Structures are given as C-alpha cells and as structure tokens.
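User: I have a structure here that I have not seen before. Can you walk me through it?

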Amino acid sequence: MLLAVDIGNSNTKFGVYDGERLIFKLSIPTIRKLSADDLSKIVGNKIEHPISSAIVSSVVPEIDNAMDGFLNFKFHVNPVFVKNDFDFGLTINYTPLADAGADRLVNTFSAVEKYGAPCIVCSFGTALTIDVVDANRTLIGGLIAPGMNSLATALKITTSKLPEVEIKLPDAVIQTTTIGSIQSGIVFGYFGLVETLILKVKSEPGAVATGFFAVRGTGAQSLPLPVPTPTVIATGGFAKLIAENTTQIDIVEENLLLDGLRRLHARIGLC
C-alpha cells in the first residue's frame, strides 16, 4: 500500500491508498522541532496498514529529515519527496521554478488530471493560493494571500486589545461584541476577497477565459474554437465554508493533494 504524506504549515496529513482507493486518513499538527522519535510517539500505531512505499509533499523543510527517519523506522520504506522538477505533465511558468510550493504543483497536477484544463485551483489553508492552468495545460501563474486563520493571528499580533478568534460563520454581518465583530470582518470580508480574486483571474487579459483557443482542422479549414470556461476547484480546510457562501467555486475536493500524490507516484513510475 502507498502512504501519501502532505506536510503543510499548520497540519500534516497522512493518507493510505490501496490502489486508487483512499482507505485511511490521519491529521496531526505540524510542529517544526519534531524528531523522528517524536513522530513515532504521536502517530504511534494509528497507521497499522502494510505500507510498501511512501511519497511526501512538504512546504516545511525543517521537518523533512524527521519525517524521512520516521517513515524508514516505522514502515521500512525510503520515502520519495516531491521535487519541483518532477514530470507533472504541465508546462510550468514560474520563476524560479524552485520557489513554487510543492503543494501548489501537486494540487494543480491533481486538478488537471481529474477535471481537465483549463482550471483554476484554490487552496484555502494557512495561505490562500490560486493557480491557473490554461487549455494547453500550461500553469500560467497564480497568486498568494493570507489565509483566514493567518488574518486572525495577525490582528492579535499587531493590536494591543483585540483577541485571536475562532474562525466560524457569524449569524449576521453587524455584530455587538468584539469577538463577533472580528469574526464578521474576517469571514464575510474573506468571501468578498475570494469572489473578487477569482473574477479578476477569469477576466485577466491572456488568462484562461479569454486568451487561448483550440484549433479544429488544418490550413484553410481550421476554425478557432473558444476555450471552455475554466473549472474552479477548491481544497483546504475552509474550502467548503467558502464554496457555500460564494458563487465562483464549482467543485470542493477535500483530498486533492493526497490524491495528487497518489497519481504522481504512479506517473513517475514508482509503483
């Protein structure tokens, strides 16, 4: 069985695949000072499946050695860590390529493999990332913004009296308490942020909605065909909440990254 590991800034997720089927998931907080022994104690015997191979996407390099040691010790496998020069089946327009987050590349690859191109891939985690793939399977770029929890933390850090709040949907925009007011400002403000950013991406000159054409036939018989409207795929902890309260998201895919790791493992011939 394959173990897919997603090391994110806030959480580390483990997914066990039996062929194409995700049969087990586990999530733990990402703690940068963990050792391989610490990981063994935290994970313990929660993953009891016979693991024959492992693939890891990491945006927290401080924990990579510990994860490598843990997987070797616990499952006797040498994990493959995703590198930016892997064959994702995409033309990647990012400079320098080394700066592109592994999570963004795997999410984009996963979305294109499952839903086709063009598409817009939104990941709602510690940061919001939006990546855009045109009809020619070119990752033409994207953007990064703070995630909702990051906004709440920043508000506490940069003010003297405002508390850090739990992110949840308020019952109304106008609130009568400090905590409610912060929740309203962050959550409803974030819905507007997402709507605006996706609309701006769709209307960007040269982007997926307007700038690319497929061609049917050759020579004098060739006919330019407008590219379909891009599919907007959302993933990450707040994806469902945001999708339910905005109009621009077509699909919520909870396991987009883990499934992308499985697909990538098969693509690069490791299974």
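User: With which side chain does the side chain of Ser58 make a polar contact?

Analyst: That partner is the side chain of Asp64, at 2.6 Å.

User: And where is Ser58 found?

Analyst: Ser58 belongs to strand E4, which covers residues 53–58.

User: Is Ser58 buried or exposed?

Analyst: Ser58 counts as buried because its relative accessible area is 18%, and the cut-off for buried is under 20%.

User: What does Ser58 touch, leaving out residues up to four places away in sequence?

Analyst: Ser58 then touches Ile7, Asp64 and Ala102.

User: Switching topic. What volume does the largest pocket have?

Analyst: The volume of the largest pocket is about 820 Å³. Its lining has 35 residues, and Ser123, Phe124, Gly125, Thr126 and Gly236 are the closest to the centre.

User: How do the residues of that lining divide?

Analyst: Eleven are nonpolar, 16 polar and eight charged.

User: Which elements supply at least two residues of the lining?

Analyst: Among them are strand E1 (2–7), strand E2 (11–18), helix H3 (102–115) and helix H7 (256–267).

User: What pLDDT does the protein chain average?

Analyst: The chain averages 91, and 91% of the residues score at least 70. Over residues 209–217, though, the pLDDT is below 50. That stretch has 24 contacts in the model beyond near neighbours in sequence. Where pLDDT is low, predicted coordinates should not be read in detail.

Technical notes:
Residues are numbered from 1 along each chain as its sequence is written. This is a predicted model: local features need pLDDT of at least 70, side-chain atom pairs count only at pLDDT 80 or more; totals for chains, interfaces and linings use all residues. Side-chain values use heavy atoms; hydrogens and water are left out. pLDDT is the predictor's confidence in each residue, from 0 to 100. Contact means heavy atoms within 4.5 Å. On a 1 Å grid over the protein atoms alone, a cavity is a set of points where a 1.4 Å probe fits but cannot get out, and a pocket is an open set with protein on both sides within 12 Å along at least five of seven lines; lining residues have an atom within 4 Å of a point. Grid points are joined across faces, edges and corners, and a volume is the space filled by probe spheres set on the points. Helices (H or I, at least four residues) and strands (E, at least two) are DSSP runs, numbered from the N terminus. Ala, Val, Leu, Ile, Met, Phe, Trp, Tyr, Cys and Pro count as nonpolar, Asp, Glu, Lys and Arg as charged, and the others, Gly among them, as polar. Buried means under 20% relative accessible area, exposed over 50%, partly exposed in between (1.4 Å probe, protein chains only). A polar contact is a pair of N or O atoms within 3.5 Å; within protein, one must be able to donate a hydrogen and the other to accept it, and residues adjacent in sequence count only if both atoms are side-chain atoms.
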